[in-house]
Every structure is written in C-alpha cells, then in structure tokens.
Amino acid sequence: MRETKVKKPRGVARVVEGKCVACGERCVSACPIDGIQMNGAGELQSVDQEKCIGCVKCVKVCAVGALEMFYTPEQLEQLKLWEAQNQGEVALDPEEQALRKKLAAYKGVWVFVEQYAGEVAKVSWELLGSGRQLADTLGVELSAVIIGHQVEELKHEAYAYGADAAILMDAAVYKDYRTEPFTEALCYLIDKHKPEIILMGATGQGRDLAGSVATVVGTGLTADCTGLAIDAKGNLAQTRPAFGGNIMATIMCDHFRPQMSTVRPQVMPIAEYIPGRKGKLIREEFAPAEENILVKVLEVLTDKGSGDEVDIAGAEIIVSGGRGMMNKENFTILQELADELGAVVGASRSAVDAGWKPHSRQVGQTGKTVRPKIYIACGISGAIQHLVGMQDSDVIIAINRDSEAPIFQVATYGIVGDLFQVVPALTRKIRELKSKNGRKPLSAA
Ligand SMILES: Cc1cc2nc3c(=O)[nH]c(=O)nc-3n(C[C@H](O)[C@H](O)[C@H](O)COP(=O)(O)OP(=O)(O)OC[C@H]3O[C@@H](n4cnc5c(N)ncnc54)[C@H](O)[C@@H]3O)c2cc1C
C-alpha cells in the first residue's frame, strides 16, 4: 500500500512575551499580510491569528526570538509525520544556506587598540571588558589589534586586560595615525583572519578608522553604542540612542561580517586587570609603502600645555554649570565647591558656546561622555543632548530653580532653588564639616 503524502502544516505566528527589543518593526515590514500590531512604544503587541498565513517570515526576521510558530496538537502530529516522511529533505532554502556558509567563515572578537606614541586610549581597555563578555558568550577568542611603531610592549597590557591574543602590525609607516595606511592594514587583517566582531572607541581616531574600514570591506557599522550583547542566533545586538535619544534602538548586522561597533569612552566599565596574564602573539608583516601614502604628518600638536589639562572624562566628581550661571565670572563659585570636593568643573554646551568654559569641559553629545561617582548639575536644564553624556553617573545632584526642569528626571537628589544661594551654602557646609574633622580642603582642579 502506498503511504499518503502528508502536507506540512502551516501554524500561526505568535508573540513571545518580554523578548521584543523594539528594533524598528522589522517583523511588520516582513509580514506580507499586514497582520502584526505594535504598541505605542514600538514593541510587539499581537499577531492577527485570523489573518496569519504561517509564512514564518516574521519569525525568521526577528533576531531576538520575540515571535514563534504555534501549532495545534493536531498540527503538531501532522508536523511529526511530515518530518518523518521528509527526513533529510528538510533543507534550508539555498539563499539561507549561502548566508550561513558566508557568516560561518568569520570567527572571533577583535578590539582595536588605539594608541598615541605608545600611550593607549583608556576606551580600548574598556572595550576589552565588553569584548571578553561577547567572546565568552560565543565561545571564541578575543584579540587585541595593535597597529603602530615600536608598540610590541602593549601586548602585555592587552593580555592583562583580557585578550587571548594580540595581533601586532609594527612598522615605521604606522608611527602616526593616518586613515589610509591604518585602513589598509585593518582591511588586510580582516581579509586574512575574518573576525566576526570588531569594536573600536568612538574617539576621533576610532570614528575615522571604523567608517573607512566598514566602507572598504562592505559591512555595517553602528556608532556610539551603549549596549552590546549576543542574540539567540549568535549575532551582535548593538544598542544605541536614536531620534535624539528619545528611543533606544537595537541594530543588527546579520547579513554581513564583520559586525562593527564604536563605543564612546566611559560608557563600558574598564576590564579587570590581571597582571602577568599570558596570551598569544600574532605578528603580521604587512605594511604599505610610504611613498604611496598621500598624507604626511609634519608635526603633532597636542593640547598639553594649553592651560586646560583637566580630563573631565576621567574625573570622579564633576561640578557642572549651565546657562543658569549667567556669566563666566560666576563659575568661581563652582570652582570653590569643586576645590572642596576634589572635583573638576564641567559645563553644558550653552555655557561653552557663551565662552564661559573651553570646549574640553563640555559634557554631552558633542562634548565628553562622563561617568563620575558624583555629578552636580548647576543651572542646567537637562536637554537630551546633555543627558546622554552624564546620565550614567553613579549619583546625580541637580540644582535648578525650575522644579519642572528635565534634569530632575535623571537626578538622584534634586534641589529646587537658586544656585547662587545653594552652591555657596554647600561649599560653606563642606568646609565646616572638614574643619570639624580637622581635614584640609582638597587640591584645586
Ligand atoms: C546636535 C546638538 C548637539 C548638542 N550637544 C550638546 C552637548 O554636547 N552638551 C550640552 O550640554 N548640550 C548640547 N546641545 C544643546 C542642548 O540641546 C541644550 O541647548 C543645552 O544643553 C542647554 O544648556 P543649559 O541646560 O545650560 O541651558 P538652558 O536649557 O537654558 O537651561 C538653563 C537652566 O538653568 C536654570 N537656571 C537659571 N537660573 C538659575 C538659578 N539662578 N538657579 C538655578 N537654576 C537656574 C533654568 O531653570 C534652566 O533650567 C546640543 C544640541 C544639539 C542640537
């Protein structure tokens, strides 16, 4: 007797609660029958079970498993029979097969170690911490990519901060950073070793190099990420603020490799430093010829000695002033408070634009990202562009005379009042407490 051919049951798609990351309605775009509803926050609400034709497109496109196929008990039985009849034939469609093959060729997580004359930008060590977590989740190696001249010694620090390997390109042509030779070098390495993820600092150098490399190798780049994770399919989920910081978007690059992200300094916690930790050195000899490089570095000018050598990005306590300070001279009261606390003085963009503080002190989207233990915002309204630069501070104290100011939404402690009364009162109180305890004021910053 001939076996009756069982038809594959179609089932219907349904929502898996708590998984949607509001990626930007990729499932809605994939659905051919307009059967997916979202809520006001851009998250999955429901799938219209009457309309669903079981095409599985939404399930396939969702990177975080927020949609699944549902089958009735009868359909499940039918599915089992179908699978039994079609054993070995349940193959992926050729497009999916080709994609999987292409992606499988890429392995490992890389962190680009940014350095100036052998001095490493701290963000690189922060990224080795994030890179370590990603590599452990994927079960792959974490490598530090060091490009420069006479920089081999940096490998020890890279191992100590968690790298399994250091990929070293050491040649005179890499002495000073230039887009062209560094792009060529990194593209050569990518072509040879095929990493799946590359992380770089969202610094001047990192932004320049990442954009250039991503363009040449033809992959995606997500700038200024604030969160990095591995999704259920092993792809990198790159989260960053979007639409002026009003939503957090998770961006995927699931059809191309390597997946490239930049992250601003101070956003990720620094990796644990384990002195003496060992790793493997991979020395690469590739170096473009100097005569073929159009840009020549004649002189390197640093801002050291400019009179403003304070690095607000690394400060533990920051006292910041905004337009509410009214003028440059009034910043003296912030400096006095900062001196008592051993803090540095920062500023909002309005204060910087007014010429009250140099740009090196600006906190926010177009200034520095800071993550101090204490951030005191004085006369700062709390515009989103300011908040993105300081909202990860451990404790935020806001002083503002407008009780509705948005800064109070992120503040740990809010003082509604006139800063010209509150700030000097705070300074007096700290001095009083110190003199009671017999302690001297801390040095000025
Ligand atoms: C593309 C782009 C990038 C930007 N990048 C940045 C950035 O990096 N950093 C940044 O800060 N901004 C940035 N901005 C500007 C931002 O949008 C705001 O305009 C700016 O942060 C406002 O600065 P502020 O809070 O000092 O001034 P205001 O918004 O004018 O706020 C002043 C505050 O002081 C309070 N105040 C006044 N007098 C007193 C008093 N006596 N006592 C107590 N409180 C008082 C007021 O109630 C008010 O809340 C950017 C904007 C754009 C479009």
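## The model and its confidence

Residues are numbered from 1 along each chain, following the sequence as it is written. Because the model is predicted, local features need a pLDDT of at least 70 and side-chain atom pairs count only at pLDDT 80 or more, while totals for chains, interfaces and linings use all residues.

The chain has a mean pLDDT of 90, where pLDDT is the predictor's confidence in each residue, from 0 to 100. A value of 70 or more is reached by 93% of the residues. Residues 441-445 are a stretch to handle with care: the pLDDT there is below 50, although this stretch has 14 contacts in the model beyond near neighbours in sequence. Two residues are in contact if their C-beta atoms, placed from the backbone, lie within 7 Å. Where pLDDT is low, predicted coordinates should not be read in detail.

## Three domains

The chain is divided into domain 1 (12-90), domain 2 (104-289) and domain 3 (312-437), with bounds that come from an automatic or database domain assignment. Taken over C-alpha atoms, the centres of domain 2 and domain 3 are 33 Å apart. Their contact takes 7 residues from domain 2 and 7 residues from domain 3. On the domain 2 side, these are 3 nonpolar, 3 polar and 1 charged. In this scheme Ala, Val, Leu, Ile, Met, Phe, Trp, Tyr, Cys and Pro count as nonpolar, Asp, Glu, Lys and Arg as charged, and the others, Gly among them, as polar.

## A parallel sheet with helices across it

Helices (H or I, at least four residues) and strands (E, at least two) are DSSP runs, numbered from the N terminus, and two strands pair if DSSP finds at least two bridges between them. An open sheet of 7 strands runs in the order β11-β15-β10-β5-β8-β9-β16, with parallel pairing. β11 (221-225) and β16 (280-283) stand at the edges with a single partner strand each, so one side of each has no neighbour in the sheet. β11 pairs with β15 (residues 259-263) over 3 bridges, and Leu 221 has Met 260 in β15 as its bridge partner.

Helix α5 (residues 122-138) lies across β5, β8, β10 and β15, at about 175° to β5. Helix α8 (residues 204-217) lies across β5, β10, β11 and β15, at about 165° to β15. For these angles, axes are lines fitted to C-alpha atoms, for helices over the stretch in contact, and values run from 0 to 180 degrees between N-to-C directions.

## An antiparallel sheet

Another open sheet has 3 strands in the order β12-β13-β14, paired antiparallel. Its edges are β12 (227-230) and β14 (247-251), each with a single partner strand, so one side of each is left without a neighbour in the sheet. β12 and β13 (residues 236-242) pair over 4 bridges, and Leu 228 is partnered by Gln 238 in β13.

## Around the ligand

The ligand is surrounded by 28 residues, the closest being Gly 322, Gly 324, Arg 349, Gly 364 and Ser 381; a residue is near a molecule if its C-beta atom, placed from the backbone, lies within 6 Å of it. The shell divides into 8 nonpolar, 15 polar and 5 charged residues. Its largest share, 3 residues, comes from α10.

## Two backbone details

The peptide bond from Arg 257 to Pro 258 is cis, with omega near -5°, and Pro 258 is in the loop between β14 and β15. Ala 22, in the loop between β1 and α1, has a positive phi near 50° in a residue other than glycine.
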